[in-house]
Amino acid sequence: SDDGKLSFDEFKAYFADGVLSGEELHELFHMIDTQNTDNLDTEELCEYFSQHLGEYENVLSVLEDLNITILKAMDKTKKDYQEASNLEQFVTRFLLKETLNQLQSLQSSLECAMETTEEQTRQERQGPTKPEVLSIQWPGKRSARRLQKNSLLPNSPHFNTGWTEEDSQWMTQINRLQKLIDRLEKKDLKLEPFEEEVLDENAKSHIMIVQRQMSVIEEEIEEFRLSLKQYVESASSQGGCLHVSIQKLPSDSRFIIYEFWENSSAWNSHLQMNYSKTFQRNNVDFLETPELITTMLVP
């Protein structure tokens, strides 16, 4: 609620991981609440986690230095890129892409470690304790997926219309998808025998699915929304664009864009359009860190 403290409901919404039960979260909350105010302030949170950092104290310290270093590099890139020669611009683009690839590789390793530890914990517990449902999803987590009610829809004039409980048609489809995902995540899933699909010469090529994660500077959110709205409207009008949707994570100023394109060629052509380049240039000013892009080809 922007009061500088966390109530239990706010604490539960952010820290619930689909493994700890509601009772265990409540016990943890009161363990951290050393002042017995039924609210957690920054000092109490720091005091608790600082006692358990271990090796991650060095990790977080390095990440802080890395964040500062990248921001400095982005700032210099913004100032020098337009005046640079074609060769210098090429080198800059290569270095940006290589940095992004390295960060994505590191993120993938961390996500794998997170999922492995969560799965091990579930196997160890094997009890009747009902896990607490997540209302806010961290990137990379696949357990206890639930709808984010602060999701933004591109057709909203102010990007502030989200899904609600009353929208029964949407909820029905979402619940069906939730059940399917839960089934796919079970260890004892038995897949159908392998069948080779033979495509006709005239068959459609693979659909390109793109996920773009952007951490926006707090002071630039409104300007970013305007830029994002123009980008989505332009992208959606392209012939090869099948769908664009946007989510805003309520826990921070992070936006996630999902784009569906007819094929990789349509996506690549879209990247060369002026509206796309303008959006990327604007993001140099709006984003805290370079955006993370993940692509997938689906038959």
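This is a predicted model: local features need pLDDT of at least 70, side-chain atom pairs count only at pLDDT 80 or more; totals for chains, interfaces and linings use all residues.
The protein chain carries nine helices and five strands.

**Helix 7 against helix 9**

- Helix 7 covers residues 221-236 and helix 9 covers residues 274-286; the two pack at an angle of about 165 degrees, with their axes 10 Å apart.
- That angle is over 145 degrees, so helix 7 runs roughly antiparallel to helix 9.
- On the helix 7 side, the residues that meet helix 9 are E223, F224, S227, L228, Y231, S234 and A235.
- Helix 9 answers with Y275, S276, F279, N282, N283 and F286.
- What spacing would you look for along a helix that shows one side to a partner? An α-helix has 3.6 residues a turn, so positions three or four places apart point the same way.

**Two residues to look at in that pair**

- S276 sits in helix 9 and has a relative accessibility of 0%, so S276 counts as buried.
- R225 belongs to helix 7.
- Is R225 buried or exposed? Its relative accessibility is 19%, and the cut-off for buried is under 20%, so R225 counts as buried.
- R225 and F286 are 61 residues apart along the chain, with 9.9 Å between their C-alpha atoms.

**Helix 2 and its buried face**

- Helix 2 spans residues 22-32, and its buried residues are L25, L28, F29 and I32.
- Why do these residues line one face of helix 2? Looking down the axis, the buried residues fall within an arc of 105 degrees, so they share one face of the helix.
- The face turned away from that buried side carries exposed E23 and E27.
- The buried residues of helix 2 pack against two partners, helix 1 (8-15) and helix 3 (42-50).

**Helix 1 meeting helix 2**

- The axes of helix 1 and helix 2 come within 10 Å, crossing at roughly 115 degrees.
- From helix 1, the contact uses F8, F11, K12 and F15.
- From helix 2, the contact uses G22, L25, H26, L28, F29 and I32; L25, L28, F29 and I32 are the buried residues of helix 2.
- Helix 1 passes helix 2 with a right-handed crossing.

**The loop between helix 2 and helix 3**

- L40 is placed in this loop, and with a relative accessible area of 1% L40 is buried.
- Not counting residues up to four places away in sequence, L40 touches G4, K5, L6, F11, F29, I32, D33 and L45. F11 belongs to the helix 1 side of the contact with helix 2, while F29 and I32 belong to the helix 2 side.
- L40 and E10 are 30 residues apart along the chain, and their C-alpha atoms are separated by 9.8 Å.
- N36 is in this loop too. Its relative accessible area is 65%, so N36 is exposed.
- D38 is another residue of the loop, and at a relative accessible area of 49% D38 is partly exposed.
- What sets the backbone of N36 apart? Phi of N36 is near 55 degrees, a positive value in a residue other than glycine.
- Phi of D38 is positive as well, near 60 degrees, and D38 is not glycine either.
- For context, most residues other than glycine have a negative phi.

**The chain as a whole**

- From the N terminus on, the elements run α-α-α-α-α-β-α-β-α-β-β-α-α-β.
- How much of the protein chain is buried? Buried residues make up 26% of its 299 residues.
- The protein chain exposes about 20600 Å², and carbon and sulfur atoms supply 53% of that area.
- Among contacts with a separation of 6 or more, residues 24 or more positions apart account for 66%.

Technical notes. Residues are numbered from 1 along each chain as its sequence is written. Side-chain values use heavy atoms; hydrogens and water are left out. Helices (H or I, at least four residues) and strands (E, at least two) are DSSP runs, numbered from the N terminus. Buried means under 20% relative accessible area, exposed over 50%, partly exposed in between (1.4 Å probe, protein chains only). Contact means heavy atoms within 4.5 Å. Accessible areas come from the Shrake-Rupley method with a 1.4 Å probe; for residues, only the protein chains shown count as cover. The arc is that of the directions from the helix axis to the C-beta atoms. Axes are lines fitted to C-alpha atoms, for helices over the stretch in contact, and angles run from 0 to 180 degrees between N-to-C directions. Angles under 35 degrees count as roughly parallel, over 145 as roughly antiparallel, 65 to 115 as roughly perpendicular and the rest as oblique. A crossing is left-handed if the near helix is turned anticlockwise from the far one by less than a right angle, and right-handed if clockwise.
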